[in-house]
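Hi,

Here is the structure we talked about. Please open it and keep it beside you as you read. My notes follow below.

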Amino acid sequence: MTAMHAMPPRTVAAALFAGLGFAVAAAPRAPATPGQPGAVSAKLSEWKVELSQHTVAAGPVTFTIANGGSIPHAFEVEGQGLEQETPVIQPGATATLTLTLKPGTYEVYCPVGEDSHKKLGMETHLQVEGATRSGSSGYSGSEMRASNMSEMGESPTSAAKVQAIRVTSGGPVIQILPGPFPFPDSAAPILKQFGDEKEGLESQVKNGPYSNNVTPISGSFAFTAWDKGAVRDSVDGVAEFATQDGARWKLVLDRVQTKDVPHHPRFGGVILGLYYHGNTGVHTPLVPTINSAVALWGVGHLYKNDALVTDNAMVHVMLLSRTRRDGDFALACWDCSKNKPEELQLQILPGPGEPKFDAPGGFLFVNWEKSGSKQPAN
């Protein structure tokens, strides 16, 4: 579901919540006759897989795949004892994959990032029929409904599934202040994937939020998040902390952001169990590669010294693999994905058009280093 802080010449808000998209247009084609080799076009982008048709006849099928996204993707077909994928396809490039398919249902998805792209919604299904090819070709109403569900992070078979997580902060609390990114050489090759946003990301390398400039503070944070599928996600939680200048802050988090977020998964929302950041091809490289128990993008009410600052604070939360070492809490690894997910990260930005916060860098960035999670009681 990335760029969390000031990226000149854009405002902070614009940098966090800019649009992603890929326009779809396809002319209807006549269906193939029985026995004729099948041909399916596929379009890959963030974060969806679109097929020109979702029903084909059994036998040889050639997939022509175009990467219309802004980062590398791949294409995999799995089912009925078969599992085949393309090499990684660079943005703007195409690939083909010819398979002989038996009757049945197949998963079609992007396997990049240890299936993180799949978890972000890049999956759909293909039905292979034994005798004749049924259903219309092109992008029919039912197929577009399936595609739209994939765009929102849902597949037709998983739309009704609801997952939840309860997260409670613990351990040392630190405020992360502006400073240079500790791994610029590692991030540099990956920054090339981000197009127009590269300039803003490069400015964060020099003086961004993911730095070793930290200070111990105090506070607590607990929340429950529900992954109900894209726009139905929800969250309920409260964070309270005192920053390095003695100010007391309180965040009441009660809404999930589901609008466009640049190179963030699923246009915001709640997502559980994701491998991303760093060199994974998902999200900004300016965070080490991690596994997250939960990541969410929300909107909340922010108070400073009991006075309301904004009802429209933009919030990013992760319970992620531990990235910082004990003692000085410097970033300890470029690939932290094998570490225990116990680092609770809270980033708060002003709402669109609102002034920067009265805090270093104009943002609030707080970590709890020994946090935990569990499945909440029904």
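Start with Glu 342: its relative accessible area is 11%, so it is buried. One thing to keep in mind is that this is a predicted model.

Which residue does Glu 342 meet in a salt bridge? The partner is Arg 322, at 3.5 Å from N to O. Glu 342 sits in strand S18 (residues 341-349) and Arg 322 in the loop between S17 and S18, so the bridge ties together parts 20 residues apart in sequence. Arg 322 also counts as buried, at 9% relative accessibility.

Arg 322 has another bridge, to Glu 343, at 3.8 Å. That pair is 21 residues apart, with Glu 343 in strand S18. Glu 343 is buried too, with a relative accessible area of 0%. Shared partners join Arg 322, Asp 326, Glu 342, Glu 343, Glu 369 and Lys 370 into one network.

The salt bridge count comes to 10. One of them pairs Asp 306 with Arg 248, with the closest N and O atoms 3.5 Å apart. Asp 306 is in the loop between strands S16 and S17 and Arg 248 is in strand S14, so parts 58 residues apart are tied together. Asp 306 is exposed at 63% relative accessibility, and Arg 248 is partly exposed at 43%.

Now the nonpolar cores. The largest has 39 residues; Phe 63, Phe 75, Val 77, Leu 101 and Leu 126 have the most contacts inside it. Strand S7 (residues 94-101) gives the largest share, four residues. A second, separate core has 33 residues, including Ile 165 and Trp 249.

Beyond its sequence neighbours within four places, Val 77 contacts Phe 63, Leu 97, Leu 99 and Tyr 106, among others.

Best wishes

Note on methods: Residues are numbered from 1 along each chain as its sequence is written. This is a predicted model: local features need pLDDT of at least 70, side-chain atom pairs count only at pLDDT 80 or more; totals for chains, interfaces and linings use all residues. Side-chain values use heavy atoms; hydrogens and water are left out. A nonpolar core is a set of buried Ala, Val, Leu, Ile, Met, Phe, Trp, Tyr and Cys residues joined through side-chain atoms within 4.5 Å. Buried means under 20% relative accessible area, exposed over 50%, partly exposed in between (1.4 Å probe, protein chains only). Helices (H or I, at least four residues) and strands (E, at least two) are DSSP runs, numbered from the N terminus. Contact means heavy atoms within 4.5 Å. A salt bridge is a side-chain nitrogen of Lys or Arg within 4 Å of a carboxyl oxygen of Asp or Glu.
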